Amino acid sequence: MNKVELLAPAGDMSKLKTALHFGADAVYVGGSKFSLRANAKNFDGDGLKEAVEYTHAKGKKIYVAVNIFADNKDFDGLKEYFIELEKAGVDAVIISDAGVLALCREVAPALEIHLSTQANTTNKYSAKFWADQGVKRIVLARETSLEDIKEIRAYLPKDVEIEAFVHGAMCIAYSGRCLLSNALTGRSSNKGDCVQACRWEYSIVETKRGGSPITIGQEERGTYLLNSKDLNMLAHVGELAESGVYSFKVEGRMKSPYYVASVINAYRKAIDLYYGQGKEVELPSYLCDELYKNSHRDYTTGFYFGSNDNVCLETSQPKCEYEFIAQVVGYREDIGMLEVEMRNRFKKGDELEILSPTKYWNDVLRIDKMYDSDMIEIEDAKIVQQRVFIPTDKRLAELDILRKRVM
């Protein structure tokens, strides 16, 4: 049985390296143009070549989002861009627009095409239509249920893959088609410049009733409130795999390297447990707990089981039980010390938890002594990105993470 693909977000080179270190099979990135995350650092020509070379050297795949809703003027430069991506050796492009797709097939026929979730594919007939247009993989709309996915999988040619989101922030608009950001700020979410206006706090009144508040209702086909919970399908990786989903996609190109590390680490272990022990496997509590140690809102399983418990009524602010303290640079065998780069302040006597894909995951590292780069003992690491040396026999690897409980 072939394992499903674990697909991670990579908003920049640091996140890309982190995702692969913690077990992603593939990453998706944005170029400097034509992507729906315009405010991520993204990758220019040379940066993209570096990303492709690094990813392929690890035996993994890299996909590039070209998923804007295109106007006529957006086609200026698209032809050259697709040719550039083909030459760079990217494994696929993610496209939402039919005209953009047609242009890609014409000028860069070797590029594999994945259909973006923005294309709003919710049924087997639409999926088959896109497959007939040369699409290799369909990223389904987030409104599809597991039963929908089973029907779609059975209807498609066997060589066409299905990808679905399994974790991360969800857009309250149908398949992400939102005008709220544009209406309130002039920044278009459909051009990659969303301000997440759905997360803002609002008061709603009915003007003919003297400005008094009215109750906002909810019905079986959707909600009229704005703030969505975060998706979390960790406990259901087996059901997703058995429904026909080939690629498990994690949202978060704008999230931190710590978020990417924590989420990818958890899903990697859950997927490996499923394939090692079968669908009856029950995830250990410490694995489920991992997803509460990074930034998140209340969790939901979205539409996968036909329910609609997606609205976060209490607050739009994310919670995080742990703080990213330092990233491991490497272990210095010559002096028996761990070299780390500080991200948030820590002191002598602190007990830091280890985030790692290795046996050290969740181990505690007590800071009894630490030294600066001149090997002068210090009590307090308070300089941002300061290199700190910590005596320990725990041989952590580059890109492992130290964190501290804050809640």
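Predicted model: local features only at pLDDT ≥ 70, side-chain atom pairs only at ≥ 80, totals over all residues.
Colleague: How many helices and strands does the chain have, and what makes a stretch count as one?

Modeller: The chain has 10 helices and 20 strands. Helices (H or I, at least four residues) and strands (E, at least two) are DSSP runs, numbered from the N terminus.

Colleague: What share of the chain is buried, and what does that word require?

Modeller: Of the 407 residues in the chain, 52% are buried. A residue is buried under 20% relative accessible area, exposed over 50% and partly exposed in between, with a 1.4 Å probe and protein chains only.

Colleague: Why is Asn-265 called buried?

Modeller: Asn-265, which is found in helix α9, has 1% relative accessibility and therefore counts as buried. Leaving aside its neighbours within four places in sequence, Asn-265 is in contact with Phe-22, Leu-355, Ser-356, Pro-357 and Trp-361; contact means heavy atoms within 4.5 Å.

Colleague: Why is Gln-317 called exposed?

Modeller: The relative accessibility of Gln-317 is 53%, and the residue therefore counts as exposed. Gln-317 is placed in the loop between β12 (299-300) and β13. Its C-alpha lies 9.7 Å from that of Asn-227, although Gln-317 and Asn-227 are 90 residues apart in sequence.

Colleague: Why are helices α3 and α4 called oblique to each other?

Modeller: The axes of α3 (residues 78-88) and α4 (residues 98-107) cross at roughly 55° and come within 9 Å. Axes are lines fitted to C-alpha atoms, for helices over the stretch in contact, and angles run from 0 to 180 degrees between N-to-C directions. Angles under 35 degrees count as roughly parallel, over 145 as roughly antiparallel, 65 to 115 as roughly perpendicular and the rest as oblique. The angle of α3 and α4 belongs to the rest, and the two helices are therefore oblique.

Colleague: What is the hand of the crossing of α3 and α4, and which residues make the contact?

Modeller: The crossing of α3 and α4 is right-handed. A crossing is right-handed if the near helix is turned clockwise from the far one by less than a right angle, and left-handed if anticlockwise. Leu-78, Lys-79, Phe-82, Ile-83 and Glu-86 of α3 make the contact with Val-100, Leu-103, Cys-104 and Val-107 of α4.

Colleague: What classes of residue does the contact of α3 with α4 contain?

Modeller: This contact has seven nonpolar, no polar and two charged residues. Ala, Val, Leu, Ile, Met, Phe, Trp, Tyr, Cys and Pro count as nonpolar, Asp, Glu, Lys and Arg as charged, and the others, Gly among them, as polar.

Colleague: How do α5 and α6 pack?

Modeller: Helix α5 (residues 124-132) and helix α6 (residues 146-155) have axes 9 Å apart, at an angle of about 40°. Their crossing is right-handed. Lys-124, Tyr-125, Ala-127 and Lys-128 in α5 meet Glu-151, Ile-152 and Tyr-155 in α6. The contact of α5 with α6 divides into four nonpolar, no polar and three charged residues.

Colleague: What makes two rings an aromatic pair, and how many pairs are found?

Modeller: Rings of Phe, Tyr and Trp (its six-membered ring) pair if their centres lie within 6.5 Å; planes under 30 degrees apart count as stacked, over 60 as edge-to-face and the rest as tilted. The whole structure holds six aromatic pairs. One of them, Phe-129 with Trp-130, has centres 5.2 Å apart and planes at 75°, and is edge-to-face. Phe-129 counts as partly exposed at 43% relative accessibility, whereas Trp-130 counts as buried at 13%.

Colleague: Why is the pair of Tyr-258 and Phe-324 said to tie together separate parts of the chain?

Modeller: This pair is stacked, with 5.8 Å between centres and 25° between planes. Tyr-258 lies in helix α9 (residues 257-277) and Phe-324 in strand β13 (residues 322-332), so the pair ties together parts that are 66 residues apart in sequence. Tyr-258 is buried at 4% relative accessibility, and Phe-324 is buried at 13%.

Note on methods: Residues numbered from 1 in each chain as written. Heavy atoms only, no water.
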